[in-house]
Amino acid sequence: EAGATHAGMFLAWALLSGLAGLLHIEEMPEELEELRRREITPGAFFLRHCDGKLTDDDLSEEGNGFAQSYYGSSDEPINYFADYGDALGSELPSLYHVPDIWDSFERLKPLLDQRLSDWRATRAV
């Protein structure tokens with residue numbers, strides 16, 4: 001379960017930031033509302049409703065583009081896993097110890113918002 005926290009945090013942020021794919025908008029509106037109301041944690045949502053897999057269907061076209069650039073690219077100097085570790089794991093024994101709680105999400109969210117904004121700015125050029 002601890003291995004789902006990082007992916008759950010990213011997916012929850014993307015869904016709540018308007019990057020949801022049609023799967024979540026049209027086929028899972030109640031589940032998306034459950035996440036919006038914070039009745040389920042990001043990691044638990046990811047495991048329960050996505051079977052622990054982040055797929056192209058989860059995100060919009062823009063969301064997939066951003067995810068491919070930022071989440072899927074651990075070789076780049078700016079990438080999700082480095083940011084996740086810096087924001088949430090610096091005082092923990094490992095990233096698997098990041099708690100799957102909304103406080104963790106709130107600490108990570110401003111950084112993800114900024115990365116998305118920066119990514120959008122590079123695409124607008």
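**Salt bridges, helix packing and a capped helix**

Arginine 36 and glutamate 33 join their side chains in a salt bridge, with N and O 2.8 Å apart; the term denotes a side-chain nitrogen of Lys or Arg within 4 Å of a carboxyl oxygen of Asp or Glu. The model is predicted, so local features need pLDDT of at least 70 and side-chain atom pairs count only at pLDDT 80 or more, while totals for chains, interfaces and linings use all residues. Residues are numbered from 1 along each chain as its sequence is written, and side-chain values use heavy atoms, with hydrogens and water left out.

Arginine 36 and glutamate 33 lie three residues apart in helix α3 and are therefore separated by about one helical turn. Helices here are DSSP runs (H or I, at least four residues), numbered from the N terminus. Arginine 36 is partly exposed, at a relative accessible area of 43%, and glutamate 33 is likewise partly exposed, at 32%; buried means under 20% relative accessible area, exposed over 50%, and partly exposed in between (1.4 Å probe, protein chains only). A further salt bridge, 2.7 Å from N to O, connects the side chains of arginine 37 and glutamate 39.

Helix α3 (residues 29–36) also packs against helix α1 (residues 5–16), at an angle of about 105 degrees and with the axes 10 Å apart. The axes are lines fitted to C-alpha atoms over the stretch in contact, and angles run from 0 to 180 degrees between N-to-C directions. The two helices α1 and α3 are therefore roughly perpendicular, a class that covers 65 to 115 degrees. Ala12, Leu15 and Leu16 of α1 meet Leu32, Leu35 and Arg36 of α3, where contact means heavy atoms within 4.5 Å. Five of these contact residues are nonpolar, none is polar and one is charged.

Attention now turns to helix α6. Asparagine 79, in the loop between α5 (61–71) and α6 (80–89), is buried, with a relative accessible area of 5%. Asparagine 79 caps the N-terminal end of α6, with a side-chain oxygen 3.1 Å from the backbone nitrogen of phenylalanine 81. The side chain of asparagine 79 also reaches the backbone nitrogen of alanine 82, at 3.0 Å.

Within α6, the buried residues include Tyr80, Asp83 and Leu88, and the buried residues of this helix pack against α1, α5 and α7 (102–124). Aspartate 83 forms a salt bridge with arginine 115, with the closest N and O atoms 2.6 Å apart. This pair links distant parts of the chain, from aspartate 83 in helix α6 to arginine 115 in helix α7, 32 residues apart. Both aspartate 83 and arginine 115 are buried.

Technical notes:
Angles under 35 degrees count as roughly parallel, over 145 as roughly antiparallel, 65 to 115 as roughly perpendicular and the rest as oblique. Ala, Val, Leu, Ile, Met, Phe, Trp, Tyr, Cys and Pro count as nonpolar, Asp, Glu, Lys and Arg as charged, and the others, Gly among them, as polar. A polar contact is a pair of N or O atoms within 3.5 Å; within protein, one must be able to donate a hydrogen and the other to accept it, and residues adjacent in sequence count only if both atoms are side-chain atoms.
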